[in-house]
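This report concerns one protein model and the arrangement of its strands and nonpolar residues. Please consult the sequence and the coordinates shown here alongside the text.

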Amino acid sequence: GAHVNEEDFLLLELLDWFKTSFFHWVNSLPCSRCGGQTEPRSDYLLPTDDDLRWDASRVENHYCNQCQLCNRFPRYNNPEKLLETRRGRCGEWAKCFTLCCRAVGFEARYVWDYTDHVWTEVYSSSQKRWLHCDPCENVCDKPLLYETGWGKKLSYIIAFSKDEVVDVTWRYSCKHEEVLARRTALSEATLRETINALNR
C-alpha cells in the first residue's frame, strides 16, 4: 500500500476540524433583527464598497417574513474575509480550506467542477500525488464520490494552483467514454491549448 506519514494524518485532522468546528454551512441566514427563519430570494442586493473590497460581487437577499427585513448575505470570494465570517456554501468552504492548508505548509489547489461544485486538492509528499479533499463532506482521497456517490454527470474538472492550471477530470471518473461524450463546450485541442497558454 501507499506510505502514509504524519503530514497525511495532520491533513485528516485539519479537514475534520474545519468541518466540525470552524466553518458553517449556510442555506438561509437567521434574521439579524428577530432571529427568525429567512428565505433566500432570487433577487440579489447591490454590493456595498466594502463587499466589493472583499470580492463579493453577489449579495443574496435572505428575507424575513416575520419582520419584513432583507438580510444581506455577501458571497465573499476573499479567503482572508472568510476566516472572519466562517460561513458559506461550497465556494466559500473550498477557498477558505485551501488557504488553511497553505497556511500550515501544505501545497494545495482549488478545484472547480463545471457541474457546480468546488473542493481542494492537497499534495501528499509521502504518497507523491494529489489527494482529493472536500471540506464540505469531510472526505479525503475519495475522488469517485461525485460520480458514483452523488450520481453527477461530470464533464470538466479543472485545478488551479499558484503555479499552474490542470485538467484533472479523469481522476474523478471511472466512466471516461461517457465523460468525453459530454465534453462539448470546446474541442479537446482548444482546451489543451488554453491551459498551456495559461501555464506559460
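The model is predicted: local features need pLDDT of at least 70, side-chain atom pairs count only at pLDDT 80 or more, and totals for chains, interfaces and linings use all residues. Residues are numbered from 1 along each chain as its sequence is written, and side-chain values use heavy atoms, with hydrogens and water left out.

Helices (H or I, at least four residues) and strands (E, at least two) are DSSP runs, numbered from the N terminus. Buried denotes under 20% relative accessible area, exposed over 50%, and partly exposed the range in between, with a 1.4 Å probe and protein chains only. In strand β3 (residues 59-63), five of five residues are buried. One side carries Val59, Asn61 and Tyr63, the other Glu60 and His62, and both faces are covered. Two strands count as paired if DSSP finds at least two bridges between them. The pairings of β3 are tabulated below.

| Partner of β3 | Sense | Bridges | Facing residues |
|---|---|---|---|
| β2 (residues 39-45) | antiparallel | five | Tyr44 and Glu60 |
| β4 (residues 70-74) | antiparallel | five | Asn71 and His62 |

A hairpin is formed by β3 and β4, with six residues between them; in its turn, glutamine 68 has a positive phi of about 60 degrees.

**Lysine 81 and the annotated region**

Lysine 81 belongs to helix α3 (residues 79-85). Its relative accessible area is 9%, so lysine 81 is classed as buried. Leaving aside residues up to four places away in sequence, lysine 81 touches Trp54 and Tyr76, where contact means heavy atoms within 4.5 Å.

An unreviewed UniProt entry annotates residues 82-137 as "domain: Transglutaminase-like"; such annotations may be inferred rather than shown by experiment. Over residues 82-137 the chain is 32% helix and 39% strand, with the end C-alpha atoms 18 Å apart.

**Nonpolar cores**

A nonpolar core is a set of buried Ala, Val, Leu, Ile, Met, Phe, Trp, Tyr and Cys residues joined through side-chain atoms within 4.5 Å. The largest such core has 26 residues, of which Leu11, Phe18, Phe97 and Cys101 touch the most other members. At least two residues of this core come from each of α1 (6-22), α4 (90-103), β6 (108-113), β7 (117-124) and β8 (129-134). Helix α4 gives the most, with seven residues. Apart from this core lies another, of 11 residues, including Val111, Trp119, Ala159 and Val179.
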